[in-house]
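Subject: Structure handover

Hello,

Here is the structure you asked about. Please open it alongside this message, and my notes follow below.

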Amino acid sequence: MYIEPKPITLKDGRSGLLRVPEAKDAQAMLEYLHATAAETHFLLREPEDIHDTLESEISLLNRMRESESQLILCAFVEGELAGNCMLALKTRSKVRHRADLAIALLQKYWGQGIGSIMFAELEAVARLHGVSQLELDFIEGNTRGQALYEKMGFHITGQKPNAFRLKDGTLLKEFSMVKEL
């Protein structure tokens, strides 16, 4: 899915750009995926889980741009990939009113309002596609993420015990959240 690029302003006054990534962004995307996975255990992936090649990342980005049901948006600040988010519209008739969201930011951009901007953009796109329920999951202990999601109108609807096992053996719950539009 493609939407037009949108200029954004961070809380500290810096300018950025929210846009759909292109093939030329594939290397930056791979580096970003490794960096965010290394910075926090609140993401599904660990750095060693990322096996994508430059070619496979280019292919993925091209497929996503052409998709009618999935949107990846990236936030670029001063040319650096600062964060990304994804909207996945459900396509089967009984669940077409629902969509999944996911988001990640490099830590140095936390607290700059990028997450709120990305969520608002995804919500606007979801509404244009007739979505009436947004859904996401987060890992136990991700209080910053939970605070953002609640600020954006999501509420917890359930949990899965022992959903994630960290490298040290710690087991964490996964919480599901919903926002009705």
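Which residue in E6 is the bridge partner of Arg98? It is Gln133. Keep in mind that this is a predicted model.

**The sheet**

Strand E5 covers residues 98-105 and strand E6 covers residues 133-139. Together they share 3 bridges.

The pair sits within an open sheet of 8 strands. Read across, the order is E1-E2-E3-E4-E5-E6-E8-E7, and the pairing is mixed. Strand E1 (6-9) and strand E7 (155-165) are the edges. Each has a single partner strand, so one side of each has no neighbour in the sheet. From one strand to the next, the twist averages 25°.

Lys6 has Leu18 as its bridge partner in E2. The two strands make a hairpin, with 5 residues between them. In that turn, Gly13 has a positive phi of about 95°.

**Helices**

Helix H4 (residues 143-151) lies across E5, E6, E7 and strand E8 (171-180). Its direction is at about 165° to E6.

Helix H3 takes in residues 114-128, which is 15 residues. At 1.5 Å a residue, H3 should span 21 Å. The C-alpha atoms at its ends are 21 Å apart, so the two values agree. Several H3 residues are buried, including Ile114, Phe119, Leu122, Val125 and Ala126. Glu121 and Glu123 are also buried. Just after H3 comes Gly130, with a positive phi of about 80°.

**The core**

The largest nonpolar core has 50 residues. Which of them touch the most other members? They are Leu71, Leu87, Ile114, Phe119, Tyr149 and Phe154. Strand E3 (residues 70-77) gives the largest share of this core, with 7 residues. In soluble globular proteins, nonpolar side chains tend to be buried together.

Look at Leu87 in particular. Beyond its neighbours within four places in sequence, Leu87 is in contact with Ser69, Gln70 and Leu71, among others. Its contacts also include Ala99, Asp100 and Leu101. Leu122, Val125, Ala126 and Leu134 are on the list too.

**A glutamate to check**

Glu135 is in strand E6. Is Glu135 buried or exposed? Its relative accessibility is 10%, and the cut-off for buried is under 20%, so Glu135 counts as buried. Its side chain makes a polar contact of 2.8 Å with the side chain of Gln133. Setting aside neighbours within four places in sequence, Glu135 is in contact with Lys90, Arg98, Phe154 and Met177, among others.

Glu78 is not a glycine, yet has a positive phi of about 50°. Where is Glu78 found? It is in the loop between E3 and strand E4 (80-89). Its relative accessible area is 61%, so Glu78 is exposed.

Asn162 is also a residue other than glycine with a positive phi, near 55°. Asn162 is found in strand E7. With a relative accessible area of 52%, Asn162 is exposed.

Best wishes

Note on methods:
Residues numbered from 1 in each chain as written. Predicted model: local features only at pLDDT ≥ 70, side-chain atom pairs only at ≥ 80, totals over all residues. Heavy atoms only, no water. Pairing = 2+ DSSP bridges. Helix = DSSP H or I, 4+ residues; strand = E, 2+ residues; numbered from the N terminus. Axes fitted to C-alpha atoms, helices over the stretch in contact; angles between N-to-C directions. Contact = heavy atoms within 4.5 Å. Core = buried A, V, L, I, M, F, W, Y, C linked by side-chain atoms within 4.5 Å. Buried < 20%, exposed > 50% of the residue type's maximum accessible area, 1.4 Å probe, protein only. Expected span 1.5 Å × (residues − 1). Polar contact = N/O pair within 3.5 Å; in protein donor to acceptor, adjacent residues only side chain to side chain.
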